[in-house]
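This briefing is meant to be read beside the sequence and the coordinates, and it takes up a few local features before turning to the wider fold and to the confidence of the model.

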Amino acid sequence: MPSATPTDDPLRRERDHLAASRAALRVMREDVESLDLRDVTGTWVSAAVLRNQIELRIAALADLAHTPLFFGRLDYLHAVGGEDAEGASGERFYIGRRHVHDAGGDPMVIDWRAPVSQPFYRASRKEPMDVERRRRFGYTGGELTAYEDEHLTDPAETDTRSALLAAEIEKPRVGPMRDIVATIQPEQDEIVRADVTGTVCVQGAPGTGKTAVGLHRVAYLLYAHRERLARTGTLVVGPNRSFLHYIEQVLPALGEVDVAQATVQELVSQVEVRGEDGAEAATIKGDARMAEVLRRAVRSGISLPTEPCVVVRGSRRWRVPAYELTEIIEELKGREIRYGAAGEALPQRIAHAVLVKMEQGGEAPDDRVQDAVARNPAVKAVVRACWPAVDPVKLVHRLLGDADFLAACADGILTPEEQLAVRWPKAPRSVKSARWSAADAVLVDEAADLVRRTPSLGHVVLDEAQDLSPMQYRAVGRRCSTGSATVLGDLAQGTTPWATGSWPEALHHLGKAGAHVEELTQGFRVPEEVIVYASRLLPTIAPGLAPAGSVRELPGSLAVRHVPDGLVGEVVAACRAALAFEGSVGLIAADARIPLFAEALAGAGLPFLEPGAETTAQARLTLVPASLAKGLEYDYVVLDEPAAVVAGEPDERTGLRRLYVALTRAVSGLTVLHGEPLPEQLR
C-alpha cells in the first residue's frame, strides 16, 4: 500500500484500531474481574450463582492471541435526499467475534450476530443493503497483514472472487476445527439466523460447512435469545467423542463457553454398555415399533380391582366400591399421561372419592385430610396392586430375557422371528450382570420416559444425524420436545444398517414433523476434482441427491494409483510425501488394516495420532479407521485400498457409503492407493 505518512497508511490505521480494540477488551475483562460481590448478594446460594455468571463472563471476554478480534468492516452509505438510508446510515462498523466498546461505551467492534452485521454476509452488488464498502482483513499468526475492499455501489467494479476469502477457506488445518465466522456464505447465514422457534434440517454434501453452520447457529441463538436459552439450556449431539473433541473449540472462540456436548450414547447412559448386537438385532431394536412394545410392557402390570377399598378413620369406615376404583383407573389409563405421574395421581383420586363420601356423611374434611387418606395403608395397597411401580431397567431386562413376556407385549407388532432376534439367548441373572448393548440402552431410555417425562432443553443441534435409528431420534427428540432443533447430515454418508432413508421420516421420529429442510450442495473445502470423483458413487448410494459441487478448482488435487505389490510401503511413502507440505495429513484405512499400518508407520519412524487427538506443528499425521472418519477433515488424505473399506461393512451399499465418506475428507489433496480392483463405480 503506498503511503506518505503513517497516518495516511490505511493498513497502519487498521492495525492501530486492532491494538486499541484489544486494549479495550482487556479493560472490559479487568472491570469484570474487579467486581466485589460481597455486598450485593443476600444468601450464599445467590452469591454462588452470581460468581458462576461472573466467571463465565470473564471466560467469554478472553482475548485469544491467534484469533482475529475483527475480520471485516462495513461502511454504510450517507443519507439520500435528506432521509436516513436503511440500516446505520453513514456509519462505519468493524465486524468481529464479540462486542468490544471503549471507556465511553461506544462500539469499537460489533458482534457478528448483531443485526447491523448481517449485510457483511448477505450484501451484494445486486442488493447492497445500503453498504457502500465491505472490507475484509487478512491475518498471519494473529497479525493484521492485508485488507481487501468491495465497493458494492460502484458500477465500474466487477464481481470478482475475494482472494482473502479464498485464502481463509483454504488455510491449512492444524489443530481442532476452526470457526467460519469470517467466511459464512449467504445461504449459510440464512440457516444460522433462522428463528429459534423453528426446527431446521440441513442436508449438506461434504465440504459445505453444515457442521460449522450448526455450531454458528447455536452461537447466534445464544446471542439473540440468551435469557431464554440460559434458562432452558442448549446441547450439541455428535456421533462420537473424537468428533466432539474436534469441534469443541469453535463455540469458545465465538465467546460461548456454556454449551453442553454429548454423544447419543452418553444421553442414554442409565445402563453400562458392555455388549454388542448383530446388525439384525440392532436394526429391530432401533425400529420405531419398539416404542409401542415398551408402552405395552410399562402398562402390563395395571390391573382392575375386585374388592372395595375400605379406609378406617377414627371410629368410622369409608368404603370405595370396586366399580368406582375401576372408573378411576380406566380414566387415568385413557388420559395417556406418564405412567409414574398417573401412579402418583391415583392415591389422590381415591382419597378424593373418600372425601366426597365424608362430606356426604356430614363431615368437613380439608386438603390435609385428603393427603392423610392418600397415605392410608388401604389406599396404598390398592395402588400397589393395581398400578405397580415400574423400574425401567428391570422392565427392559425382563422384556429381553422373558420370551413369554416379550411375546405378550410384541403381539401383532413383531413377528416371531423378530422377537427371537431381539431376545437374549440366555437371560442374565440380574441387571448388573447383563451385557447391555447400545440399542438396549436406548430402549431403557424410552421406558424411562414412559414412566417419567424427560426434561426438555431449549435447543439441540444434532450432527451426523443420518446414522441414527428411529429410536435414537426419539431419544434426542425427548431432549427438545418443547424446544427446537438443528438437524445436520448427509443421506449419502449414512453408514449404519438402520441409516435414515429420508429427512421427513427422520424428522417425524424426532417429533419435529414438517420442519424445513435446507439443502447445501456448494462445497467450500473439498476440491472440485475430488468431489466430482467421489460423486460417481451417488447414483448407487443416494439416487435422489443432487451431485455436489465446489468453489475450489485445484488441478492435481486427486491422484489414484494402482500398486500391484508392496502396497503398505507405498502408502507409508505417500504419507511421508504429504508431510512435506504444510497442514494436517490423514491416513484412512479399513478398520481391519489399522494395526498393520500402526506397525508400518512406527517402523518407518513416522509418529501418528489417533482420531480426535489435536494435531500440532510437530504431530500432523493421524491414522484414521474408516469407521471414525466421518465429520473429520485433513489437508491431505492418503486412502488405502478402497475395496477393503467396502468389504468391511455388512452390505455393499453401506460399504460404498463408508468409502464416500473417506473420499471426501481431503481439503487440499487426496491420494488413493489400491492393490485390488476399485469398485465398479470408480473405474
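**Backbone, sheet, helices and cysteines**

Methionine 129 counts as partly exposed, because its relative accessibility is 26%. The model is a predicted one, with a mean pLDDT of 90 over the chain and 94% of the residues at 70 or more.

**Positive phi angles**
- Although methionine 129 is not a glycine, its phi is positive, at about 55°, and the residue sits in the loop that runs between helix 3 (118–122) and strand 5.
- Glutamate 336, likewise a residue other than glycine, has a positive phi near 55°; its place is the loop between helix 13 (322–334) and helix 14 (339–360).
- With a relative accessibility of 48%, glutamate 336 counts as partly exposed.

**The sheet and the helix on it**
- An open sheet is formed by six strands in the order 3-4-2-1-5-6, and their pairing is mixed.
- Its edges are strand 3 (100–101) and strand 6 (143–151), each of which pairs on one side only.
- Helix 1 (residues 10–33) packs on this sheet and touches strand 1, strand 2 (92–96), strand 3, strand 4 (107–111), strand 5 and strand 6, while its direction makes about 115° with that of strand 6.
- Strand 1 (residues 70–76) and strand 5 (residues 131–140) run antiparallel and are joined by five bridges, and arginine 73 stands opposite arginine 135 of strand 5.

**Helix 6**
- The 15 residues of helix 6 (residues 210–224) should span 21 Å at 1.5 Å a residue, and the C-alpha atoms at its ends are 21 Å apart, which agrees.
- Helix 6 is mostly covered, since 13 of its 15 residues are buried.

**Cysteines**
- With a disulfide taken as a pair of cysteine sulfur atoms within 2.5 Å, the count comes to zero.
- Cysteine 201 is in no disulfide, and the nearest cysteine sulfur, which belongs to cysteine 480, is 13 Å away; at 0% relative accessibility, cysteine 201 counts as buried.
- For cysteine 409 the closest cysteine sulfur is that of cysteine 386, at 19 Å, and therefore too far for a bond; cysteine 409 also counts as buried, at 3% relative accessibility.

**Stretches to read with care**
- Residues 1–6 have a pLDDT below 50, and this stretch has four contacts in the model beyond near neighbours in sequence.
- Over residues 79–88 the pLDDT stays under 50, and the model has eleven contacts for them beyond four places in sequence.
- Where pLDDT is low, predicted coordinates should not be read in detail.

Conventions. Residues numbered from 1 in each chain as written. Predicted model: local features only at pLDDT ≥ 70, side-chain atom pairs only at ≥ 80, totals over all residues. Heavy atoms only, no water. Buried < 20%, exposed > 50% of the residue type's maximum accessible area, 1.4 Å probe, protein only. Pairing = 2+ DSSP bridges. Helix = DSSP H or I, 4+ residues; strand = E, 2+ residues; numbered from the N terminus. Contact = heavy atoms within 4.5 Å. Axes fitted to C-alpha atoms, helices over the stretch in contact; angles between N-to-C directions. Expected span 1.5 Å × (residues − 1). pLDDT = per-residue confidence, 0-100.
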